[in-house]
Amino acid sequence: MPSYEEVFRASTEDPEGFWLTAAGAIDWDTPPTRALDSSRAPFHRWFPDGELNVCHNALDRHVAAGRGAQPALVYDSPVTDTKRTYTYEELTDQVATFAGVLAGLGVGRGDRVVLYMPMVPEAVVAMLACARIGAVHSVVFGGFAANELAVRIDDAAPKVVVSASCGVEGARVVPYKPLLDRAVDLAQHKPDACVILQRPEGPAELTQGRDVDWAEAMREARPADCVSMAATDPLYILYTSGTTGKPKGVVRDCGGYAVALRWSMEAVYDVGPGETMFTASDVGWVVGHSYIVYAPLLAGATTVLYEGKPVGTPDAGQFWRVAAEHGVKTLFTAPTAFRAIKKVDPEGEFTRAYDLTGLAYLFLAGERLDPETYHWASELLGIPVIDHWWQTETGWPIVANPVGIEAAPVKAGSPTFPLPGWDVRVVNGDGKPVPPGEDGAIVVRLPMPPGSLPTLWNDDERFVSSYLSAFDGYYLTGDGGHVDEDGYVFVMGRTDDVINVAGHRLSTGGMEEVLASHPDVAECAVIGVADSLKGQVPRGLVVLKAGVSTDPAVIEAELVQLVRDRIGAVASLKEVAVVAALPKTRSGKILRRTMRGIADGLDEPVPSTVDDVAVLDALRPVLTRGSAGAAEQ
Ligand code: COA
Ligand code: AMP
């Protein structure tokens, strides 16, 4: 077995050869003769002359190879008391039939389909059905409100929206249909049709002339075949938070993504054909796209789709139950899920009820893995706990402990080494490399490997201005951190207005736009403060317009509700405080970072540029009220 260093060197010295070899693990209709096309740099494209179908690679090829009877997808839903296993053959049939439903609604190659779905098998079926007929799916996380869905509908301009009558959030049934109806009302673009999956927990009344019942349509549809796509064609758009309220439509291509994910399954996650991966995330996030849906199926493995929470549905032992019942080898979730389990079951009593001898790895990502959670999980499970760092934009991990190639000793707080294909650097504000151990902006030298975003949907300009213009020849990750003398990467947090709440990426700028829209608000700031469960939670500070006499408590409650209504429950903005003034620099910039430091209980220096120290001092008691968890981070 080659060492990590050898594999990494091969990827940097001969990327062309490295990725063409990796491409050999994929079924191509037209095999690529070249790996990288840089003729339109900085828009690099992978496998420019290759043709394939990603759904064929995820399903049909395994059936053809004799794996038809093997479990492909295990649906485990404690919140609806349902368990169901789909073999590769069954899943292929379902997907081909739903592809026929979409085709019957006029969806074809290149058309967009927005999916607004809870964690049900039909969400996976719909994604793969799009891939089958060359349609571009865009999954919107169910925790987003109607307005966020409307923004995405307008940007993606889908021919069809696929949704369900409801989601089940713990003990609560969340009706999706009213949110969908409102979103379609709000959007300028109107889809031709909406396919609605009726769920027994909360059926919905269908809208005549627009809505199609999932089950009825499936009964009537004729299965559709895979169509051949260019490797560079888009497979999906996934919207993610930027620094403003307008989300970025990250584009994923077909060929580069399939090759990178297929390669990552053994090299990063050590999961091969016939083995089981349980990724406890949501299909609305990139982790769900890549490691619930596409990668395990591309590898011919079994994937677990879990509809529930780590705790409370009904207890803190559900991850262990799922792992034991379904023979899970690799479990992947966000650190926040483990903090939630630790809070309820600090001694890990629930693990004792299950046979976890088959569980070989725990992978964590989505936010920084704080050393305390790392140690707790390692001691509890006695298996390698792998922190790894990536983003919606990159599609698969940038930095990880490459256990599938060669495990490195762990340094708690570091996701370890850059994976093959990723040339990670840390630079200062002038773009100069910083010495080992010194913090700076983490950047990746172009071209990035296959699987990473080629551009933003319909917005090459924003792609360049957001990611490529800060430092020529480099992709700006938006994360800050350092690399130590041994080459370990430490990712310390975002350098922009993006925060991570319970592993969910959110924009404080977007929340500020909502607060500012309240008629009584003169100005506002939203900061992410440390939280011992969710990693970070947003906190709002608002200054009211002169002459407003409403009780501040009333306005605060209205603002909390406004963010919930406009962005969604997932924003988790529970605290808004009316204050007399916001601290600013002399040039008028709000001192968000300073306020965040104070709220986190850090010894935050007062910037020399502060306009009025008294304003900052007056705010200290408000900022430190109820702050928690900073020390653990
Ligand atoms: N549909 C509707 N509402 C949703 C939703 C969905 N798909 N997902 C979340 N929400 C709601 C929740 O019910 C909650 O509402 P509330 O404020 O009325 O209680 C709110 O959005 C916030 O959700 P969340 O941040 O998930 O908080 P929680 O208290 O429900 O659960 C954790 C906290 C830590 C248990 C949970 O976030 C978790 O398991 N996270 C880790 C796994 C993960 O998904 N990571 C993502 C990337 S890897
Ligand atoms: P998302 O695009 O939702 O996957 O969020 C990506 C962001 O989550 C990154 O830019 C980081 O800020 C953060 N993140 C993800 N994984 C890690 C990790 N292992 N360590 C530190 N931060 C992480």
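These legends walk through close-up views of one predicted model.

**How to read the views.** Residues are numbered from 1 along each chain as its sequence is written, chains are lettered from A and ligands numbered from 1 in the order in which they are written, and side-chain values use heavy atoms, with hydrogens and water left out. In this predicted model, local features need pLDDT of at least 70 and side-chain atom pairs count only at pLDDT 80 or more, while totals for chains, interfaces and linings use all residues.

View 1. An unreviewed UniProt entry carries the annotation "domain: AMP-dependent synthetase/ligase" for residues 62–447. Positions from UniProt are given in the numbering used here, feature names are shortened, and annotations may be inferred rather than shown by experiment. Across residues 62–447, the chain is 31% helix and 24% strand, with 32 Å between the end C-alpha atoms. Helices (H or I, at least four residues) and strands (E, at least two) are DSSP runs, numbered from the N terminus. The unreviewed entry also has the annotation "domain: AMP-binding enzyme C-terminal", covering residues 511–589. That span, 511–589, is 27% helix and 32% strand, and its end C-alpha atoms lie 18 Å apart.

View 2. A residue counts as near a molecule or strand if one of its heavy atoms lies within 4 Å of it.

**View 3. Atom pairs at ligand 1.** An N or O atom in the side chain of Lys-574 sits 2.8 Å from an oxygen atom of ligand 1. For Arg-564, an N or O atom in the side chain is 2.9 Å from an oxygen atom of ligand 1. Val-570 takes part through its backbone, with an N or O atom 3.4 Å from an oxygen atom of ligand 1. On its own, ligand 1 has 930 Å² of accessible area, and the protein covers 84% of that. Accessible areas come from the Shrake-Rupley method with a 1.4 Å probe; for residues, only the protein chains shown count as cover.

**View 4. The surroundings of ligand 2.** Turn next to ligand 2, which is surrounded by 15 residues, the closest being His-388, Thr-392, Asp-479, Arg-494 and Arg-505. Its shell has four nonpolar, five polar and six charged residues. A polar side-chain atom of Arg-505 is 2.7 Å from an oxygen atom of ligand 2, and one of Gln-391 is 3.0 Å from an oxygen atom of ligand 2. In the side chain of Asp-387, an N or O atom lies 2.8 Å from a nitrogen atom of ligand 2. The protein covers 94% of the 500 Å² of accessible area that ligand 2 has on its own.

**View 5. Arg-321 and its partner Asp-76.** Arg-321 belongs to helix H11 (residues 318–325). Its side chain makes a polar contact with the side chain of Asp-76, at 2.6 Å. A polar contact is a pair of N or O atoms within 3.5 Å; within protein, one must be able to donate a hydrogen and the other to accept it, and residues adjacent in sequence count only if both atoms are side-chain atoms. Arg-321 counts as buried because its relative accessibility is 10%. Buried means under 20% relative accessible area, exposed over 50%, and partly exposed in between (1.4 Å probe, protein chains only).

View 6. Ile-153 is part of helix H6 (residues 146–156) and counts as buried, since its relative accessibility is 0%. Ala-157 is in the loop between H6 and strand S8 (160–164). Its phi is near 50 degrees, a positive value in a residue other than glycine. With a relative accessible area of 25%, Ala-157 is partly exposed.

**View 7. Two cis peptide bonds.** The bond from Ala-41 to Pro-42 is cis, with omega near 10 degrees, and Pro-42 lies in the loop between strand S1 (36–37) and strand S2 (45–46). The bond from Leu-446 to Pro-447 is cis, with omega near 0 degrees.

Definitions and conventions. Nonpolar A, V, L, I, M, F, W, Y, C, P; charged D, E, K, R; others polar.
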